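I opened the model to look up its sheet, its helices and its salt bridges. My entries follow in the order I made them.

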Amino acid sequence: MNHYETVFILNPVLSDEQIKETVKKYEDLLISKDAKMISKEDWGLKKLAYPIQHKKSGFYHLFEYTVPGDAINDLELAFRRDERIMRYQTVKLDKHAIAWAEKRRNRNKQKA
């Protein structure tokens with residue numbers, strides 16, 4: 001099992017219901033591939049650094065999880081096929097990145 005972090009940007013014209021449905025779809029996809037979800041973060045609507053598909057903002061979401069490496073291909077294929085996803089990035093975390101992510105989660109819990 002490898003440790004991964006995926007950030008994806010959803011189209012800003014989606015309703016709250018559509019956003020929740022899309023996030024749930026990808027969470028279920030990962031769980032069906034034997035993933036263990038460690039953290040899910042909704043970063044909300046953010047302004048983009050440059051326009052993507054003529055849009056200037058998007059809804060950001062972050063998943064942190066452990067999963068066998070072959071499941072990443074299925075996840076990214078689903079992202080590519082979904083018109084609601086504007087961009088995505090998946091990163092395999094090393095021990096230093098895992099420690100940093102844990103610090104970030106703890107810091108976010110303290111703020112909440």
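Entry 1, terms. I call a residue buried under 20% relative accessible area, exposed over 50%, and partly exposed in between (1.4 Å probe, protein chains only). The model is predicted, so I note that local features need pLDDT of at least 70 and side-chain atom pairs count only at pLDDT 80 or more, while totals for chains, interfaces and linings use all residues. Residues are numbered from 1 along each chain as its sequence is written, and side-chain values use heavy atoms, with hydrogens and water left out.

Entry 2, the sheet. I took helices (H or I, at least four residues) and strands (E, at least two) as DSSP runs, numbered from the N terminus. Two strands pair if DSSP finds at least two bridges between them. I found an open sheet of four strands in the order β2-β3-β1-β4, with antiparallel pairing. Because β2 (36-52) and β4 each have a single partner strand, they stand at the edges, and one side of each is left without a neighbour in the sheet. From one strand to the next the twist averages 20°. I looked up β1 (residues 2-10) and β3 (residues 55-67), which pair in the antiparallel sense over nine bridges. L10 stands opposite F59 in β3.

For angles, axes are lines fitted to C-alpha atoms, for helices over the stretch in contact, and angles run from 0 to 180 degrees between N-to-C directions. Contact means heavy atoms within 4.5 Å. I see α2 lying across β1, β3 and β4, at about 165° to β4. Helix α3 (residues 95-111) lies across β1, β2 and β3, at about 85° to β2.

I count a side-chain nitrogen of Lys or Arg within 4 Å of a carboxyl oxygen of Asp or Glu. The structure holds ten salt bridges. One of them joins the side chains of R84 and E21 (3.7 Å, N to O). R84 lies in the loop between α2 and β4 and E21 in helix α1 (residues 16-32), so this pair ties together parts 63 residues apart in sequence. R84 also forms a salt bridge with D82, with the closest N and O atoms 3.0 Å apart.

The side chains of R104 and E64 meet in a salt bridge (3.9 Å, N to O). R104 is in helix α3 and E64 in strand β3, 40 residues apart. Is E64 buried or exposed? E64 is buried, with a relative accessible area of 0%. Salt bridges that share partners join E5, E41, E64, R104 and R105 into one network.
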